[in-house]
Amino acid sequence: MTSFYDALETRDPKDREAALMAALPAQVANAQNKSKAFADILAGVDAASVTSREALARLPVTRKYELLERQQKERANDPLGGFSTLAFGAAMPRIFASPGPIYEPEGTKKDYWRMARALHAAGFRSGELVHNSFSYHFVPAGSMMETGAHALGCTVFPGGTGQTEQQVQAMAELRPAGYIGTPSFLKIILEKAAEQGVKLGSVTKALLSGEAFPPSLRDWMAERGVAGYQCYATADLGLIAYETEAREGLVLDESVIVEIVRPGTGDPVAEGEVGELVITTLNADYPLIRFGTGDLSAVLPGHCPTGRTNTRIKGWMGRADQTTKVRGMFVHPGQVATVTRRFPQIAKARLVVSGEMANDQMTLRVETSETAAGFAAQVAEALRDVTKLRGEIEMVAPGTLPNDGKVIEDARSYQ
């Protein structure tokens with residue numbers, strides 16, 4: 001099945017990086033000049049100087065809750081909070097709502113959400129019928145997949161969600177080549193078809209997203225003749241990464257700049273270390289610069305065995321928002337980062353909250369080679385200053401803390 005959607009997928013990595021960095025200053029300028037929100041967020045930034053990842057890393061991270069706050073604040077004047085460069089009308093044929101609600105625009109560009117690349121990697125081809133079981137109302141998922149399938153030259157049946165028996169009937173009668181939707185719903189459909197004695201032999205492939213797709217479920221589907229592939233996309237950004245037949249992580253899309261940062265900060269982590277995915281999109285209509293997804297992942301070394309040369313990530317590895325209430329007060333990863341920044345001797349830190357209900361204990365474990373007397377006491381004082389809570393300090397050797405992206409670990413017993 002190995003073939004490529006376009007020549008971009010097999011570029012020399014140096015050429016890809018050069019192209020992304022060349023496009024970055026113009027996108028930053030576009031955001032400053034046409035997006036009221038980013039005019040504020042990036043005030044004082046010289047767009048022309050943002051030509052490297054190092055320069056990009058100095059810009060602020062905008063997280064989803066901040067996007068929601070701005071939209072709520074500006075709702076009377078601009079429901080999109082000043083983030084979109086488009087106005088209502090022909091240039092913005094659709095607007096969607098994700099939980100929050102957070103509103104997202106859809107422009108007129110072909111394959112607006114860039115899903116065709118992921119569909120192609122999953123085996124979908126021109127001239128095929130596709131059964132799309134993502135939602136078509138409120139959220140953009142249905143449209144994201146449909147416009148990608150249209151860009152490939154596919155016909156789409158808009159199955160949407162629910163009505164399992166009717167989904168089975170439509171598949172049996174229309175005989176689509178593949179399914180698009182969540183993996184759990186495809187499992188339900190296949191089980192219902194088996195229960196009814198209905199054969200769905202035409203469905204041999206699937207592009208799945210929206211939830212975890214473990215190897216056990218992938219194998220279960222394969223036993224029933226369906227090769228399932230997953231992709232990682234969000235309602236704000238569109239496609240971020242997609243699976244290939246190599247089954248080794250997810251390959252990044254060609255039109256996003258991806259950073260992995262330490263949760264609670266905007267600081268990039270070392271390659272291979274787990275951190276929060278921060279994305280800069282090259283979409284001029286909705287120019288999200290350093291948008292924090294809140295999702296954890298890590299870079300995989302090397303390139304995809306299929307010949308695609310873009311960076312790979314391990315896939316979804318949990319959430320970066322580890323805010324925890326301790327003794328009635330919220331402690332968040334950004335506070336841990338504030339403490340560690342005060343001490344260059346600290347390479348990495350992890351706040352462990354333990355104890356039983358109503359007896360919280362807080363220990364900051366820090367990787368350091370520092371042996372000076374009084375150092376732990378200084379860190380403890382900083383921890384109290386920042387969080388307003390007392391905590392113990394445990395100094396450990398560099399490389400001791402787990403590589404799982406956790407900055408705050410809630411190890412309390414609630415039994």
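**Entry 1: burial and overall build**

I started with burial: 52% of the 415 residues of the protein chain count as buried. I keep in mind that this is a predicted model.

Next I looked up the secondary structure, and the protein chain has 11 helices and 21 strands. Its radius of gyration is 23 Å, close to the 22 Å from the globule rule for 415 residues, so the chain is as compact as a globular protein of that length. I also took the box around the C-alpha atoms, which is roughly 75 × 50 × 45 Å along the principal axes.

Then I went for contacts. Of those in the protein chain with a separation of 6 or more, 64% are between residues 24 or more positions apart.

**Entry 2: charges**

I looked up the charged side chains and found 44 positive and 49 negative ones in the protein chain. The centres of the two sets lie 1 Å apart.

How many salt bridges does the structure hold? I have 29 in my notes.

**Entry 3: Arg-117 and Asp-6**

Are the two partners buried or exposed? Arg-117 has a relative accessible area of 7%, so I put it down as buried. Asp-6 has 24%, so that one goes down as partly exposed.

I then checked whether other charges join in. Arg-117 and Asp-6 belong to a network of salt bridges that also links Glu-9, Arg-114, Asp-253 and Arg-308.

**Entry 4: Lys-187 and Glu-191**

My next pick is inside one helix. The side chains of Lys-187 and Glu-191 form a salt bridge with an N to O distance of 2.5 Å. Both are in helix H8 (residues 183-196), and because they are four residues apart there, about one helical turn separates them.

**Entry 5: Glu-409 and Arg-350**

Glu-409 and Arg-350 meet through their side chains in a salt bridge, 3.0 Å from N to O. Glu-409 lies in strand S21 (residues 408-410) and Arg-350 in strand S18 (residues 346-354), so this pair ties together parts 59 residues apart in sequence.

On cover, I have Arg-350 as buried, with a relative accessible area of 5%. Glu-409 is partly exposed, at 24%.

**Entry 6: helix H10**

Strands S18 and S21 came up again when I turned to helix H10, as both are among the elements that the buried residues of H10 pack against.

I found that H10 (residues 333-341) is mostly covered, with seven of its nine residues buried. Which ones are buried? My list is Pro-333, Gly-334, Gln-335, Val-336, Ala-337, Val-339 and Thr-340. Besides S18 and S21, these buried residues pack against strand S17 (329-331), strand S19 (361-368) and helix H11 (375-387).

I finished with the backbone. As a reminder to myself, most residues other than glycine have a negative phi, and most peptide bonds are trans.

Where is the cis peptide bond I noted? It runs from Gly-100 to Pro-101, with omega near -10°. Pro-101 is in the loop between strand S2 (94-98) and strand S3 (102-106).

Then I looked at phi. Phe-138 has a positive value of about 65° although it is not a glycine. I placed Phe-138 in the loop between strand S4 (129-132) and helix H6 (141-152). Its relative accessible area is 63%, so I wrote Phe-138 down as exposed.

Gln-163 also has a positive phi, near 55°, and is a residue other than glycine. Gln-163 sits in the loop between strand S5 (155-158) and helix H7 (164-174). With a relative accessible area of 52%, Gln-163 is exposed; the cut-off is over 50%.

Notes
Residues numbered from 1 in each chain as written. Predicted model: local features only at pLDDT ≥ 70, side-chain atom pairs only at ≥ 80, totals over all residues. Heavy atoms only, no water. Helix = DSSP H or I, 4+ residues; strand = E, 2+ residues; numbered from the N terminus. Rg over C-alpha atoms; globule rule 2.2 N^0.38 Å. Buried < 20%, exposed > 50% of the residue type's maximum accessible area, 1.4 Å probe, protein only. Contact = heavy atoms within 4.5 Å. Lys, Arg positive; Asp, Glu negative; His and termini not counted. Charge placed at Lys NZ, Arg CZ, Asp CG, Glu CD. Salt bridge = Lys/Arg side-chain N within 4 Å of Asp/Glu carboxyl O.
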